Amino acid sequence: MRKPPHATSLQTKPTHIKPVQFKQKPLATLILGGLMTSFGSAAVFAADDGSQMNDPFRVNYAGYLPQAAKTGLYLSNNQGPINWTLSGTNCSGTEDTYVANDKSSGDSFYIIDFSECTDPANNVRLSVGTDQSDAFDISSDPYGNLKYEFFDYFKDHEGSATFTNTVNNWGNLSFSFSYVKDAGDNGAYPTNTAEASWALINMLETYPSINSYYSNNFTGARTVYDQLKVLTEQFDHAMNNPRNLAIPKFHTNIQSWAPCFPHGSGTCISEPETKATYATARTLAAMARLHSDHGTSADATSAYNLAKTALTNAENEAFTCNQQNKFGGEGGMYPDNDITGLIRNPKVNDDNCVADSNNTEDDQYSAIVELYIAAEKLGETADATQFRSQVISHTRFSEASSYWWGAVAMEGNLSLLTNESIISMDLSTLKSNILLKADEIYSQQSQGYPGVTWDPNSTQWNNGDQDNVDNNVRWGSHRMALNDARIMMAAAEISKAQLNATDAARFARGAVKVLDHVSGINAINLAMYTASGYSNIENAVTRTHDGANSSDSWAGKMVLGPNNWTNANDPAMPAFGSQPGLKMFALTGTGWSSREISIDANASLVPVAYFAMEVAPALFNLDPIGGPVAPITNAPAAPTAFAAAPTATTVALSWVDNAGTNDDAEQGYNVYHNTVNSKPASATTTVTANATSATLTGLSPSTTYFVWLEAFNAIGNSADATAMAVTAEAPLAVNLLANGDFSSGTTGWDCTLNGGTATCAVESGVYHVDISNGSTATWHIQPLQGPLSLTGGSSYTFAFDARSNANRNTEIKVERSVSPWEDFSATGTGQSLTTTMQRFSYTFPISSSLNDARVVMNIGNGNSDVYIDNVWLVEGNDDPCAGNVGCGSSSSSSSSSSSSSSSSSSSSSSSSSSSSSSSSSSSSSSSSSSSSSSSSSSSSSSSSSSSSSSSSSSSSSSSSSSSSSSGGSGSTCSVSYVVSNDWGSGGQIDLTVTNTGASAISGYDLSWTLGADESFSSGWNASFSSVGNTVTASNVAGHWNGELSANGGTSSFGFQVSDSSAPVDIVTGFTLNGVACSSAP
């Protein structure tokens, strides 16, 4: 192994050394940046004021996983081999690995490797002589809820704003949307948001089960998909300007140090540029894939088309690179060339646009990659062929390199790797390059502080500007290290797939060591994230540069870290060049250049923390610490008793775990599902070893799903356990509002005037507020309905269509009817109405039950008329109109009506409304349409039978019978009994009962007897009961299909049977309300 820079001594040892018990006299002094400093065992060290650096130890204050590589640093002069102990355990040993005058920090230290201490223990301390570290744990969950707080950061920092002023008055624009505040200055910056979005998107595509990981385990947290919808909403607006390129920054706060000529206050919109346009294209393309998996096909198509437009414009419009004067507003800029964008000291702006391959070549490549994968995902065959050709011929294809917002080629290549199963492309060279890059990263971090994943002697950043001062500790050094950890995560998965257990475990341990650095093993001796309320984190950052939470009461905010690049004008920082790079950190104050928080920093932290806790342990076990382990020679035993229990949108899975019966070191389970009997290439979700249950979510009602379950270990996968389930019909949506479709005129709505002048009337089924004097406040004209009761612990969706006769803002919301008038629906700054009808939708939680809610239309403070229609307030997360304008009176219902409409997602890519409150569970959305899309509540079993009929194992796809009889009060009936799918051990039957009599039948019980070897399994669209093999289907109380009208009224439903002797029997005898049906003529 090569020596680290300037090292006078470096001794290495094998990876695993069994600790030995040994006593050692205390060391008297250590070398700290060349200064001899004394330590005493009774010293008391303060946190986050600089004094913590006097502690001789550097440890992970959160703790270590039992099978992780566990190291601590002991700052000292070189005493030769030293003896250490781990209090509270039987571990002790001798260490001689020593680094002198580390290039990045100036520190000299022993690297104490106590990896062999694998037994869980709490409050243990490393000791050398009388020197002792702060306490930490060895635990399977050292981070506790902090691992969820890292992700909840994004919800905490949500905001909304209306952006108007343009720098240099380049356009007359106004945008209102929700976003996640970019950094300490609270703006919305698409170029950087693209970075944060990619990190979370790639995490979700790599580990799909993470989608509900945070929302299931941390109160108030969103799903990853829902959080991404808020995070990426700005991209729906970035291209909406006359220059056909995307806006790189939306600023919220013009300051004297951040001019937005010629404006002196307010918001600021930067001039469009090429780089931001590529960022828009790649983000929307990736979101199109997520919409396809977790949202709606309409959103997927819309995002995909807008991404294509962005790519086309970026490639065909005149290339535009902005200098600082075209960015304007608070914060800095995102230069095309990061190396030449500024002069370091004194810090002044320089040339952003010096030619370089990482200007926009990398951005273009990644945009093409994301669109290629999206085209494959969405079945856009012609586009996929074109984009694939561009990807494989591109100079950045197969590149493996460190990445950040200024160099994003690697992000595209990691996306290819994650989506390998759905693309047609040879990635073998890319995989080899990733393994080489991961080796390089692992080698660097093993030579000093574990977060130094780069070569501290590199000259890649040299540009003739004071290159003698270390320029390798970059702006956002923590983000840079965590991104390198992401590369090692990929290398671990590649090695696992190649059955290289040693490297899979090694790279996994390397990735987790970067978390050790962020959590305390660094030159500042701090856990570099806020940890308010987590007393086990002794030395944590307590001050950040965060305009949204200046008190720093929120846990989980990671600071950007030491910075020896853009720091010279930060008065809280050490003087430029006065300290080595890792010590260029503000020890006091909240200096922006090292203590600022940002979305791309926490977005880099979240995947690594998830990997460490939920993925890495299984990889560690491929090459466990603690002595030889008998090699695994076989795949795991298959699970048994696999069962599926469906609801309308979920399927709960259960099975018997057979781990260990095959001596197989089971590592987990892969779950797959599809609507046809063909196992997908990629797992839907992965669950941990020894699990016995999982739940598929986000499914479509009345749909047949085929499910596969396999156990896996380092050798391979077990045989599949299979199941089939048919989701139930969607539950009926009940509108909590009376007359939400205005079919009864203005009934139920109070046209309240509090100072304005207006009339309210219904015209052509639309509520029209004709405003003659809007007065001076929105609430001065306030049509409303209430009071309303809402149930605690439930979520609600509030949705409506709205337009005006001129562009204007409104505040239409669900609020408390008394002070403090809380906006439960979290509509933020309200709605930006145009002359085209749009649909707006807000989903929000209610924590405690209340009976004083109301819906208000605050539409004063303007004289433009407002038109409202199809207003819904329903329990649940879906807009019954599915986001469509013109839901129609046939779908409208009130609290006294049971009519329903489609419950599919209402989110739309053309969002124009905002939802900023941290209590809201999803962002607002709207869609524009000139046509009516009326939803119907009618249903049949055709949707489920059609998907199952494609089963390759079906032996009977159309067996049927029919019978007719007099039923009930002398009426007659006929029954159609169709075996739509027979898979050998059971089948699916679609049944329709028809009233052929002259009198209507209100409510029915239809009974029949199955074959001798058959038993009822499950059914849908009716209430079922069975005794032995006799089955009775009854209409659902209050359901639309309970009424069999005279002379042909029908009700359709379906069910499944288990059958021990195929094929499924054809039933010919039925009774309707106790009267037998005879065979039809």
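Predicted model: local features only at pLDDT ≥ 70, side-chain atom pairs only at ≥ 80, totals over all residues.

Residues are numbered from 1 along each chain as its sequence is written, and side-chain values use heavy atoms, with hydrogens and water left out.

**Exercise 1. Describe how helices H8 and H9 cross.**

Step 1: Two packed helices are described by the angle between their axes and the distance between the axes.

Step 2: Find H8 at residues 361-378 and H9 at residues 381-392; helices are DSSP runs (H or I, at least four residues) and strands are runs of E (at least two), numbered from the N terminus.

Step 3: Their axes come within 8 Å and cross at roughly 145°. Axes are lines fitted to C-alpha atoms, for helices over the stretch in contact, and angles run from 0 to 180 degrees between N-to-C directions.

Step 4: Look at who touches whom, with contact meaning heavy atoms within 4.5 Å. H8 brings residues including Tyr-365, Ile-368 and Tyr-372, while H9 brings Phe-387 and Val-391, among others.

**Exercise 2. Find what lines the second largest cavity.**

Step 1: A cavity is a set of points on a 1 Å grid over the protein atoms alone where a 1.4 Å probe fits but cannot get out, and lining residues have an atom within 4 Å of a point.

Step 2: Among the lining residues are Trp-198, Tyr-403, Arg-486 and Pro-607. H2 (190-206), H12 (477-497) and H15 (599-620) each give at least two lining residues.

**Exercise 3. Which loops hold Pro-262 and Pro-346?**

Step 1: Pro-262 sits in the loop between strands S15 (250-251) and S16 (268-269). The peptide bond from Phe-261 to Pro-262 is cis, with omega near 5°.

Step 2: Pro-346 belongs to the loop between strands S17 (342-343) and S18 (348-349). The bond joining Asn-345 and Pro-346 is a cis peptide bond, with omega about -5°.

Key
1 Å grid on protein atoms, 1.4 Å probe; cavity = no way out; pocket = protein on both sides within 12 Å on 5 of 7 lines; lining within 4 Å.
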